[in-house]
Amino acid sequence: MVVGDEELLVDRAIGDVVAAARARESDVEVHELTPATLAPGALAELTSPSLFGGGRVVVLRSAQDFGKDLAAEIGRYAANPADDIDLVVVHAGGAKGKALLDTLTKAGARKVTCQKITRPGDRVSFVRAEVRRAGGSIGEDAARTLLDAVGTDLRELASACSQLVADTGGRITDEAVARYHRGRAEVSGFTVADRAVEGKLAEALEQLRWALATGVAPVLITSALAQGVRSLAKVGGAPRGLRGAGLAKELGMPPWKVDRVRAQLRGWEPTGVARALQVVAETDAQVKGGGADPAYALEKAVAQIVAARAGR
């Protein structure tokens, strides 16, 4: 169980499961589904033994939105899971759909908490941990300076930390934050993702190459692509009767982001979104060591996402 609504931490928790599965068996298949793409009986099919062998990771997103029948199906599987299947159930937290979490807990599921980081001190700790994760060091004052410069979005902070370690050789000071971050015009992975889900292939590839050239880590671009596609699935699968602030609260997104994603959804079909989810899962594995060339994997992913939008 991955419980919480901090998307970066959720992605990392899922990535850890996939990495562990691939360490056991390199050709593991990864399937990501949402309430909009998981049909009754599909879980049984995904978790049934394969004629060709091989393990699988099945990721069920937005579990709080599954109906009673699907929740019951998940609970029955969790009570008697297959040895070669890793099931990851992602729940935003809160009371909605809590019965499923209780069922999974009783079945012995491991819980990973991914709640939003809201306290200033915790954000400073996150920045310092991110820098250590990238192989560098940063003092508390410099971490606060970086927070002031970047803001509180964890993905943007993670990207900034990774780039600063690469730019400075590892030791990050106040001066380094000002010199390298504030003074540099950057393209983020989110720019690439926005152009891709909007179907703008040429612009997406141009932004991708510029992002890579200016030092954005491939894994962060993959994460941005994954977030962009999952946002499409999340908004596309939302209850039809909700609007405005009610819809934003239900999805755990700010209203402006819901509006932007709804605009990006024009031209997408559910089957295309499902295909794009599969593309980003495959790309994530390639970028994290499963492929020889992360840049090529990302260019291919962008092209496939645009093709999925067009129904190809």
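Let us start at the end of a helix: α10 is followed by Gly 215, whose phi is positive, near 100°. The model is predicted, with local features needing pLDDT of at least 70 and side-chain atom pairs counting only at pLDDT 80 or more, while totals for chains, interfaces and linings use all residues. Residues are numbered from 1 along each chain as its sequence is written, and side-chain values use heavy atoms, with hydrogens and water left out. Helices (H or I, at least four residues) and strands (E, at least two) are DSSP runs, numbered from the N terminus.

Helix α10 itself covers residues 201-213, and its 13 residues reach 18 Å from first C-alpha to last, close to the expected 18 Å at 1.5 Å a residue; that expectation is 1.5 Å times one less than the number of residues. Which residues of α10 are buried? They are Ala 204, Leu 205, Leu 208 and Ala 211, where buried means under 20% relative accessible area, exposed over 50% and partly exposed in between, with a 1.4 Å probe and protein chains only. Because these residues cover an arc of only 125° around the axis, they sit on the same side of α10; the arc is that of the directions from the helix axis to the C-beta atoms. An α-helix has 3.6 residues a turn, so residues three or four places apart point the same way. The cover over the buried residues of α10 includes α9, α11 and α15 (294-309), with contact taken as heavy atoms within 4.5 Å. On the other side of α10, Ala 202, Glu 206 and Ala 213 are exposed.

Now for the open spaces. A pocket is an open set of points on a 1 Å grid over the protein atoms alone, where a 1.4 Å probe fits, with protein on both sides within 12 Å along at least five of seven lines; lining residues have an atom within 4 Å of a point. The largest pocket has a volume of about 730 Å³, the space filled by probe spheres set on grid points joined across faces, edges and corners. Of its 35 lining residues, Arg 12, Arg 133, Val 219, Asp 284 and Lys 288 are closest to the centre. The largest share of this lining, eleven residues, comes from α1.

The second largest pocket has a volume of about 600 Å³. Its lining holds 28 residues, with Lys 116, Asp 153, Gln 227, Trp 256 and Lys 257 nearest the centre.
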